[in-house]
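I opened this notebook to record what I looked up in one structure. The entries follow the order in which I consulted it.

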Amino acid sequence: MSTAKKMMTMRDALLERLYDKMHEDESIFFLSADMGAPLLDKLREVFKDRFINVGIAEQNLVNVATGLALEGFTVYGYAIASFLIRSFEQMRVNLALSSQVRPINVNMIGVGAGVSYDVSGPTHHCLEDISVMRTLPNLVVASPSDYVLARNFVDYSLKTRVPKYIRLDGKPLPSIYDDTMSPSYEEGFYELAKGDRLCLVSSGYTTHMALQISSEMADRRIGVIDVFNLKSPNEAALSGLLKDYDVIAVLEEAFTGKGGLDSLILNLLAGHGTRFIKSFGFKDEYIFKFGSRDFLYRQSGFDKESVKNWISGISKEKGAL
């Protein structure tokens, strides 16, 4: 019997769940920045009065979404992640600032996070969004690692009436979570593997990579923690897990040292005496060479083998890990 895991895009999982919820809740609106997909066509056909295509106008996407939310509707706005950044001013004023005065439930969906649009080049790579969105007060930043978490975001977003940004990978990925697990966006993270002295902290696509490394180097008992709420995880619980490790490596599909996941972890552990923290991600430059995701990772020394070699090296330096 095959043990291969089901492959599915985060987009399809989220849209399927949202399609079901729109049948139950007539207060839900869906806005698209001229995006196309079979499930989007289905939403447009079935919910003609609650589906709005604003065109290639991401700034107006946020404006219209905010107007609807101020009238009491729950709104989802959908665009390519790298282009959604151009609406930063609108997200700052309309969402982050306004929501401090009154509750509004706007959920901005950015598809094509990181370098999941690999061969489309640097204009479509989105390595800045984690840092950019995390600077905004009152805004949840979600980065699911599989389609299960993407689907679960819908239920969380309906009951949590604050502005949110969720970044979705553009490629089909296998599931990480199953019915025996209970990840929650309120908690914001999940320990996928318990380690001894070294832990890999990751988010989104890099969690798949972290699990592969942990499995392939099983003799070292490497911990893996998936962080999918990048703005407001349960800090006490997360720091409680991390402070017992001697070495922590952060893996994220973003620029390193720019306020992303590595910043979250470093700030969290300040004063806890953790001995060593290493950040793996993309260098402070755009990649103009074209190739697969693995090829792009290798350009920044961020591929799986580079991380494994670093683990082997740090093990020799600090003793068996």
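This is a predicted model: local features need pLDDT of at least 70, side-chain atom pairs count only at pLDDT 80 or more; totals for chains, interfaces and linings use all residues.

**Entry 1. A central strand**

I began with strand β5, residues 105-111, and asked how many of its residues are buried. Seven of the seven are buried, so β5 is largely enclosed by the rest of the structure. In a regular strand, side chains alternate between the two faces of the sheet. I therefore checked each face of β5 and found both covered, since every residue on either side falls under the 20% limit for buried. Asn105, Asn107, Ile109 and Val111 lie on one side, and Val106, Met108 and Gly110 lie on the other.

I then looked up the neighbours of β5. Strand β4 (residues 74-80) pairs with β5 in the parallel sense over seven bridges, and valine 75 has valine 106 as its bridge partner. Strand β7 (residues 164-168) also runs parallel to β5, joined by five bridges. Here isoleucine 109 is partnered by isoleucine 166.

**Entry 2. An open sheet**

I traced an open sheet of five strands and noted the order β9-β11-β10-β12-β13, with mixed pairing. Which strands stand at the edges? They are β9 (189-193) and β13 (276-282); each has a single partner strand, so one side of each is left without a neighbour in the sheet. The twist averages 20 degrees from one strand to the next.

Within this sheet I examined strand β10 (residues 198-202), which runs parallel to β11 and is joined to it by four bridges. Valine 201 stands opposite isoleucine 225 of β11. Helix α10 packs on the sheet and touches β10, β11, β12 (247-255) and β13. The direction of α10 makes about 150 degrees with that of β12.

**Entry 3. Helix α10 and helix α9**

I next turned to the packing of α10 (residues 261-269) against α9 (residues 235-242), and recorded an angle of about 80 degrees with the axes 10 Å apart. That makes α9 roughly perpendicular to α10. Glu235, Leu238, Ser239 and Leu242 of α9 meet Leu264, Ile265, Leu268 and Leu269 of α10. By class, I count six nonpolar residues, one polar and one charged in this contact.

**Entry 4. Positive phi values**

Most residues other than glycine have a negative phi, and I noted two residues that depart from this. Asparagine 138 has a positive phi of about 70 degrees; the residue is in the loop between α6 (129-134) and β6 (140-142). With 32% relative accessibility, asparagine 138 counts as partly exposed. Arginine 221 has a phi near 50 degrees and is in the loop between α8 (206-216) and β11 (223-227). Its relative accessible area is 42%, which makes arginine 221 partly exposed.

**Entry 5. Aromatic pairs**

I found a count of 17 aromatic pairs. One of them joins tyrosine 205 and tyrosine 297 edge-to-face, at 6.1 Å centre to centre and 80 degrees between the planes. Tyrosine 205 is in the loop between β10 and α8 and tyrosine 297 is in helix α11 (residues 293-299), so the pair ties together parts that are 92 residues apart in sequence.

Is tyrosine 297 buried or exposed? At 2% relative accessibility, tyrosine 297 counts as buried. Tyrosine 297 also forms a stacked pair with phenylalanine 302, at 4.5 Å centre to centre and 10 degrees between the planes. Phenylalanine 302 is buried as well, with a relative accessible area of 0%.

Lastly, I recorded a cluster in which ring pairs link Phe153, Tyr156, Tyr177, Tyr185, Tyr190 and Phe228.

Definitions and conventions. Residues are numbered from 1 along each chain as its sequence is written. Side-chain values use heavy atoms; hydrogens and water are left out. Buried means under 20% relative accessible area, exposed over 50%, partly exposed in between (1.4 Å probe, protein chains only). Helices (H or I, at least four residues) and strands (E, at least two) are DSSP runs, numbered from the N terminus. Two strands pair if DSSP finds at least two bridges between them. Axes are lines fitted to C-alpha atoms, for helices over the stretch in contact, and angles run from 0 to 180 degrees between N-to-C directions. Angles under 35 degrees count as roughly parallel, over 145 as roughly antiparallel, 65 to 115 as roughly perpendicular and the rest as oblique. Contact means heavy atoms within 4.5 Å. Ala, Val, Leu, Ile, Met, Phe, Trp, Tyr, Cys and Pro count as nonpolar, Asp, Glu, Lys and Arg as charged, and the others, Gly among them, as polar. Rings of Phe, Tyr and Trp (its six-membered ring) pair if their centres lie within 6.5 Å; planes under 30 degrees apart count as stacked, over 60 as edge-to-face and the rest as tilted.
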